[in-house]
Amino acid sequence: MVPEVLVLSLALLLGAVGIQITDLRVPPAVRNNSGSGALLDCEYTLKPTEMTDSYSGLVVKWYFNNSPSPVYQWIPGQKPQDLGILKGKLDLSHRASDNVATMHRALYIPNPTTELSGEYKCLVSTFNDEDFMTKKMVVFAPEKSLEFIPSKPWSDAVNLTCRARGVYPEPKMALYKDPDRTKVEDVEVETVSRQGSYDIVARRVMQDSELTNPTVFACELRIPEANYEVTRSVVYYPGIFSDTNDSSEVHSRLSHFWVSLVSLATSLMTAFRVCC
């Protein structure tokens, strides 16, 4: 008897609660134009009386960034509609379930792009009730390029310049130095917005007297909203530097220099013996 009582109590409770969104699953971060789809799913429960053929006026709507107009609408028995910024960007054949009252509740975006970053609100309503829930999705774009280029403005100093282009959303940048990965202070960071993406550059001039020999510098680029991070490193010797990513090129240039120097010396010695 106890199980029957519990089942009856649960049914009465659900009937009293009415429509309710039980879970809104929105990916917090997806990569721009990666070809990897994003699924935004809105799970809800209905009263038993709302699961009939009439669906009691059931409508599922999605909104973007607090817009008063929906970007998606589905009424059971009708085809789902993509609207506004999502027009032409959804797979309208996607089914979240085989239940006639929930099958087209979700959004499936086959190839999300950065303009689709923002807050998504799912609103489910009937003639008598409604419920909604909101979550944010960030579509991030990694850097198109990242360069960490030391240069020597004076013989006893190094100018550290790290530059990234084409990042979204707004990134952060910091410089560090080994051996204990100490954050370099007083770094000048400049961020510029360029047609839907950001360029960022970090600069700092350091005296050789402040550094150990050698010193490993690291440039860290972060997109906080996407939990994305990438690092570039260089090894600096007072008076000379070499990029750890291009060490082979540096060695090649040094080898060429020594070969040229030895060749010049040999030519001079030969000329001296001929003339003398």
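Student: With the bonded cysteines of the chain numbered in sequence order, what is the pairing?

Tutor: The pairing is 1-2, 3-4. This is a predicted model, numbered from 1 along each chain as its sequence is written, in which local features need pLDDT of at least 70 and side-chain atom pairs count only at pLDDT 80 or more, while totals for chains, interfaces and linings use all residues. Side-chain values use heavy atoms, with hydrogens and water left out.

Student: What makes Cys42 and Cys122 a disulfide?

Tutor: Their sulfur atoms are 2.0 Å apart. A disulfide is a pair of cysteine sulfur atoms within 2.5 Å, so the pair qualifies. The structure holds 2 disulfides.

Student: Why is the disulfide of Cys42 and Cys122 called left-handed?

Tutor: The torsion about its S-S bond is about -85°, so the disulfide of Cys42 and Cys122 is left-handed.

Student: Which parts does the pair of Cys42 and Cys122 tie together?

Tutor: Cys42 lies in strand β3 and Cys122 in strand β8, so the pair ties together parts 80 residues apart in sequence. Strands (E, at least two residues) are DSSP runs, numbered from the N terminus, as are helices (H or I, at least four).

Student: How do you know that Cys162 and Cys219 are joined?

Tutor: The S to S distance is 1.9 Å, and the two form a disulfide. Cys162 is in strand β11 (residues 157–167) and Cys219 in strand β16 (residues 215–223), 57 residues apart, and the pair links distant parts of the chain. The S-S torsion of Cys162 and Cys219 is about -85°, so this disulfide is left-handed.

Student: Why is Cys162 called buried?

Tutor: Buried means under 20% relative accessible area, exposed means over 50%, and partly exposed is in between (1.4 Å probe, protein chains only). Cys162 has a relative accessible area of 0%, so it is buried. Cys219, with 0%, is therefore buried as well. Cys42 and Cys122 are buried too.

Student: What makes Arg25 and Asp23 a salt bridge?

Tutor: A salt bridge needs a side-chain nitrogen of Lys or Arg within 4 Å of a carboxyl oxygen of Asp or Glu. The N to O distance between the side chains of Arg25 and Asp23 is 3.2 Å, and they meet in a salt bridge. A search of the whole structure finds 14 salt bridges.

Student: Are Arg25 and Asp23 buried, partly exposed or exposed?

Tutor: Arg25 is at 38% relative accessibility, so it counts as partly exposed. Asp23 has a relative accessible area of 28% and is therefore partly exposed. Both belong to a network of salt bridges that links Asp23, Arg25, Asp41, Glu43 and Arg105.

Student: How do you know that Asp82 and Lys87 meet in a salt bridge?

Tutor: Their side chains are 3.7 Å apart, N to O, and they form a salt bridge. Asp82 has a relative accessible area of 9%, so it is buried, whereas Lys87 is at 56% and so counts as exposed.

Student: What is the distance between the closest N and O atoms of Arg181 and Glu220?

Tutor: The distance is 2.7 Å, and Arg181 forms a salt bridge with Glu220. Arg181 lies in the loop between β12 (172–177) and β13 (182–183) and Glu220 in strand β16, so the pair ties together parts 39 residues apart in sequence. Arg181, with a relative accessible area of 39%, is partly exposed, while Glu220, at 7%, counts as buried.

Student: Which residues have the most contacts inside the largest nonpolar core?

Tutor: They are Leu40, Trp62, Tyr120, Val124 and Met137, in a core of 29 residues. A nonpolar core is a set of buried Ala, Val, Leu, Ile, Met, Phe, Trp, Tyr and Cys residues joined through side-chain atoms within 4.5 Å. The largest share of this core, 4 residues, comes from β3. A second, separate core of 25 residues includes Ala202, Leu221, Tyr228 and Tyr236.

Student: What is Met137 in contact with, leaving aside its neighbours within four places in sequence?

Tutor: Its partners include Val26, Ala38, Leu40, Ile109 and Tyr120. Contact means heavy atoms within 4.5 Å.

Student: What makes β2 and β6 edge strands?

Tutor: β2 (29–31) and β6 (81–82) each pair on one side only. Two strands pair if DSSP finds at least two bridges between them. The open sheet has 6 strands in the order β2-β9-β8-β4-β5-β6, with mixed pairing. β2 and β9 pair in the parallel sense over 3 bridges, and the bridge partner of Arg31 in β9 is Phe140.
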